[in-house]
Amino acid sequence: PNSSAIHTLNNHAGCQHRAGPLHPGEDQMTQASTKPYIPDEFHVRDLYHPDVMANPYPYYAHLRDLPIQFGLEDYPPGTIPGLDKPYPAWVVLKHADVQEVCRRADVFSSRDIMQEESEAPTLMLVNHDDPRHAELRKIAQMAFSPKRVMSDVAPWMETTVEAQLDMVGGGTVDFMQDLAPNLPALVMTKLIGTPEEDYVLLRRWANAFMVTSDFTLAERQQCNIELWNYYQSAVDQRYADIETGKPVPDDLMSAFIQTESNGSRLTREEVVRFCLTLVVAGAETTGYLLGNLIDVLADDPEMYATLRTDRSLVRAFIEESLRRDGPVQRLHRVCTQDYELGGAQIREGDWVAIFHASANRDPAVFERPDEFILKRPNMIKQATFGHGIHHCMGAGIARNEAAQMINSLLNRYSRLESAGERVRQRGGLLNYGLETCPVNLVV
């Protein structure tokens with residue numbers, strides 16, 4: 001990578017600095033205090049550099065108005081750097097182009113050939129195309145009933161968040177170490193139906209699978225094996241309980257096994273893969289979402305005071321964070337036929353990396369895209385949870401986790417203050433999130 005293009009990020013660490021008062025209904029603007037020097041020769045292959053991962057947005061802005069470039073070598077979830085060989089990909093950064101790829105699922109396949117060639121298990125829905133994708137999504141929608149994943153979980157989630165806050169109490173805590181990763185992993189144990197105390201295992205396995213945190217090659221391999229074996233064993237036991245007539249809980253694991261749509265059911269292996277998909281997609285990513293929310297509040301005490309006064313703004317606050325600081329950066333597609341996209345001639349078999357995070361800061365769609373505007377009028381256009389047939393089914397769950405955490409903090413603490421340097425993760429390009437987040441919780 002061009003070291004001259006990225007060296008100044010060491011001093012910036014990807015953090016945004018807020019300024020200016022906030023009053024109910026008033027826009028709150030946030031801007032990066034510094035921008036790195038980026039030479040004209042900066043190329044998409046340089047995106048896979050730790051300093052860029054810590055703060056990729058200036059680089060997206062630099063590349064967005066240039067012709068679509070080819071050459072990023074990045075790793076899909078489950079693959080292992082140092083063992084698997086990444087395919088070079090076109091990098092799609094404009095909002096309109098990202099949306100076009102998402103809409104044209106007939107042209108841009110979600111099948112992950114690299115993942116299939118690796119030792120990693122492929123993911124359900126994420127890596128399927130129609131017509132099988134439509135069949136699987138219908139079964140998943142039936143399993144994801146509002147009662148099962150929303151109303152039944154809400155009281156438990158409130159109690160769980162309160163218990164987590166009881167453990168940390170007040171004073172200085174590292175939000176990313178002590179709180180953010182716990183709730184999403186605990187929610188997965190509840191929804192899927194595995195022992196709550198295993199949430200620490202789920203956290204580690206999800207981190208390794210998502211190729212974000214730093215792991216050795218051997219550690220990633222071992223985590224992938226443990227993750228698969230864990231859910232295979234749990235699913236086998238659930239099948240055995242159902243077959244012998246033993247009462248089973250009304251959780252997602254049972255629903256995946258028992259749900260039928262037009263005579264179609266999931267295979268046993270597909271049930272295992274669905275459980276695994278929920279964990280790796282939900283546990284780590286939502287943890288980074290929670291950390292990014294706290295990053296905003298730690299920099300802007302008046303934002304915290306405003307939300308504490310008017311709880312109706314909490315959802316808008318979450319939505320703007322999802323847009324500006326959404327954890328998921330990109331997903332891969334494979335072109336199934338020659339296709340022209342944004343002036344680029346993409347050939348059949350080419351890999352395409354669609355950057356939802358760049359689309360969320362495209363000035364052609366979002367006015368002052370780097371600023372945090374609490375009640376942004378066109379928020380519906382944010383792309384964090386995807387678009388088209390692959391829109392994230394867990395979006396509502398993630399939003400509810402975020403709302404519960406923020407409201408519980410607002411209930412308990414009069415202020416939330418920065419307590420030191422916040423450092424962003426630099427281990428992978430898939431997620432944008434904090435590694436450390438020291439804050440002072442003032443009762």
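Me: Which residues lie nearest the centre of the largest pocket?

Reply: The model is a predicted one. Its largest pocket has a volume of about 400 Å³. The lining is made up of 20 residues. Nearest the centre lie M176, Q177, N207, S213 and Y288.

Me: Which element gives the largest share of the lining of the largest pocket?

Reply: Two or more lining residues come from each of helix 9 (175–178), helix 11 (199–209), helix 14 (268–299) and strand 13 (434–436). The largest share, five residues, is given by helix 11.

Me: Which strands stand at the edges of the five-stranded open sheet?

Reply: The sheet is open, and its five strands follow the order 3-4-10-7-5 with mixed pairing.

Me: What angle does the direction of helix 4 make with that of strand 10?

Reply: Helix 4 (residues 95–103) packs on this sheet. The helix touches strand 4 (88–92), strand 5, strand 7 and strand 10. Its direction and that of strand 10 make an angle of about 125°.

Me: Do strand 4 and strand 10 run parallel or antiparallel?

Reply: Strand 3 and strand 4 pair in the antiparallel sense over four bridges, with E73 having P88 as its bridge partner. Strand 7 (residues 331–335) and strand 10 (residues 351–354) are also antiparallel, and there L331 stands opposite I354. I354 stands opposite V92 as well. Strand 4 and strand 10 are joined by four bridges, and their sense is parallel.

Me: How many of the five residues of strand 4 are buried?

Reply: A residue is buried when its relative accessible area is under 20%. Strand 4 is largely enclosed by the rest of the structure, because the number of its five residues that are buried is four.

Me: Is L125 buried or exposed?

Reply: L125 is placed in the loop between helix 5 (113–117) and helix 6 (132–143). Its phi is near 70°, a positive value in a residue other than glycine. With a relative accessible area of 10%, under the cut-off of 20%, L125 is buried.

Me: What is the omega of the peptide bond from D130 to P131?

Reply: P131 also has its place in the loop between helix 5 and helix 6. The bond from D130 to P131 is cis, with omega near 10°.

Technical notes
Residues are numbered from 1 along each chain as its sequence is written. This is a predicted model: local features need pLDDT of at least 70, side-chain atom pairs count only at pLDDT 80 or more; totals for chains, interfaces and linings use all residues. Side-chain values use heavy atoms; hydrogens and water are left out. Two strands pair if DSSP finds at least two bridges between them. Contact means heavy atoms within 4.5 Å. Axes are lines fitted to C-alpha atoms, for helices over the stretch in contact, and angles run from 0 to 180 degrees between N-to-C directions. On a 1 Å grid over the protein atoms alone, a cavity is a set of points where a 1.4 Å probe fits but cannot get out, and a pocket is an open set with protein on both sides within 12 Å along at least five of seven lines; lining residues have an atom within 4 Å of a point. Grid points are joined across faces, edges and corners, and a volume is the space filled by probe spheres set on the points. Buried means under 20% relative accessible area, exposed over 50%, partly exposed in between (1.4 Å probe, protein chains only).
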